[in-house]
Amino acid sequence: MNKKVEHIADRSDGNFFRGHLAPQKSEPDIRDLFSFELQRLAGLSTRIAALSIRPKYGITAREWRALAVLKYLGEVPLQELAKHSGLLKSQMSRTVSSMIERGYILKTANPEDGRSILLKLSPEGLDLSQAILADAFERNENMLSTLSHAERQILIELLQRVGRNSAHYFHDLKTRASQEDLRELDEE
């Protein structure tokens, strides 16, 4: 690895750009993977949200994600909500059941598919989602506070581009995967 790349790649302490202070590594390791750093950041973000949301609103970060995604999707089947939330259908099913019991999500029969139901926010769910969204923007501001407005826009654009490319890559992998591998993927 060349010296210019090395100073960015060694980020064991979470500081991504330590410049010339980074020691030379003999070989790449997991910290050099975008996906590893992204997972670490996603986990940290989830823990931040959990410590912000549960004490104030009495719901989990996953429950809030379901409400927030349902807010922009409108009325959809469970599978669609799970897909847009980045959760497995089984995880979303447990989350939604709890939210239905507490009156935040309403379910109706799906006129296009008698085997499924449609989900939508109740008025209480909409109010809760909007209140937490305001707090989420505050958390977002804190997390991005070291970036300028232009850097934030660039970061979001880059993440969206990587996301689109990754979705295409995932689709290609799925088309070549065995049925067994696809079943195991759904169970993870």
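Helix 3 of this predicted model has 13 residues, and its first and last C-alpha atoms lie 18 Å apart, close to the 18 Å expected at 1.5 Å a residue. In the protein chain as a whole there are eight helices and three strands, arranged along the sequence in the pattern α-α-α-β-α-α-β-β-α-α-α.

- Just after helix 3, the backbone of glycine 74 takes a positive phi of about 90°.
- Helix 2 covers residues 34-57, and because its 24 residues should span 34 Å at 1.5 Å a residue, the 33 Å between its end C-alpha atoms agrees with that expectation.
- Within helix 2, the residues Glu37, Ala49, Ile53 and Tyr57 are buried, and the buried residues of this helix pack against helix 3, which spans 61-73, and against helix 6.
- An α-helix has 3.6 residues a turn, so residues three or four places apart point the same way.
- Helix 2, too, is followed directly by a glycine with a positive phi, in this case glycine 58 at about 75°.

**Serine 122 in its loop**

- Serine 122 is found in the loop between strand 3, residues 117-121, and helix 6, and this serine counts as buried because its relative accessibility is 2%, under the 20% cut-off.
- The side chain of serine 122 reaches the backbone nitrogen of glycine 125 at a distance of 3.0 Å.
- Leaving aside residues up to four places away in sequence, serine 122 touches Gly103, Tyr104, Ile105 and Leu106.

**Salt bridges**

- Glutamate 141 and arginine 152 form a salt bridge in which the closest N and O atoms are 2.8 Å apart; since glutamate 141 lies in helix 6 (residues 123-143) and arginine 152 in helix 7 (residues 149-176), the pair ties together parts that are 11 residues apart in sequence.
- In this pair glutamate 141 is partly exposed, with a relative accessible area of 42%, whereas arginine 152, at 19% relative accessibility, counts as buried because that value is under 20%.
- The side chains of arginine 115 and aspartate 113 also meet in a salt bridge, with an N to O distance of 3.2 Å; here arginine 115 counts as exposed at 78% relative accessibility, while aspartate 113 is partly exposed at 24%.
- Glutamate 157 forms a salt bridge with arginine 164, the closest N and O atoms being 3.8 Å apart, a value within the 4 Å cut-off.
- Both members of that last pair are partly exposed, glutamate 157 with a relative accessible area of 34% and arginine 164 with one of 46%.

**A nonpolar patch on the surface**

- Phe34, Leu38, Leu155, Ile156, Leu159 and Val162 form a nonpolar patch on the surface, and together they have about 460 Å² of accessible area.
- Helix 2 and helix 7 each supply at least two residues of the nonpolar patch, with the largest share, four residues, coming from helix 7.
- Isoleucine 156, one of the patch residues, is found in helix 7 and counts as partly exposed because its relative accessibility is 43%, between the 20% and 50% cut-offs.

**Totals for the chain**

- The protein chain has 188 residues, of which 26% count as buried.
- Among the contacts in the chain with a separation of 6 or more, residues 24 or more positions apart account for 42%.
- The chain exposes about 13200 Å², and carbon and sulfur atoms supply 56% of that area.

Notes
Residues are numbered from 1 along each chain as its sequence is written. This is a predicted model: local features need pLDDT of at least 70, side-chain atom pairs count only at pLDDT 80 or more; totals for chains, interfaces and linings use all residues. Side-chain values use heavy atoms; hydrogens and water are left out. Buried means under 20% relative accessible area, exposed over 50%, partly exposed in between (1.4 Å probe, protein chains only). Contact means heavy atoms within 4.5 Å. Accessible areas come from the Shrake-Rupley method with a 1.4 Å probe; for residues, only the protein chains shown count as cover. Patches are made of residues with over 30% relative accessible area and no salt bridge: like charges are joined within 9 Å, nonpolar side chains (Val, Leu, Ile, Met, Phe, Trp, Tyr) within 5 Å. The expected span of a helix is 1.5 Å times one less than its number of residues. A polar contact is a pair of N or O atoms within 3.5 Å; within protein, one must be able to donate a hydrogen and the other to accept it, and residues adjacent in sequence count only if both atoms are side-chain atoms.
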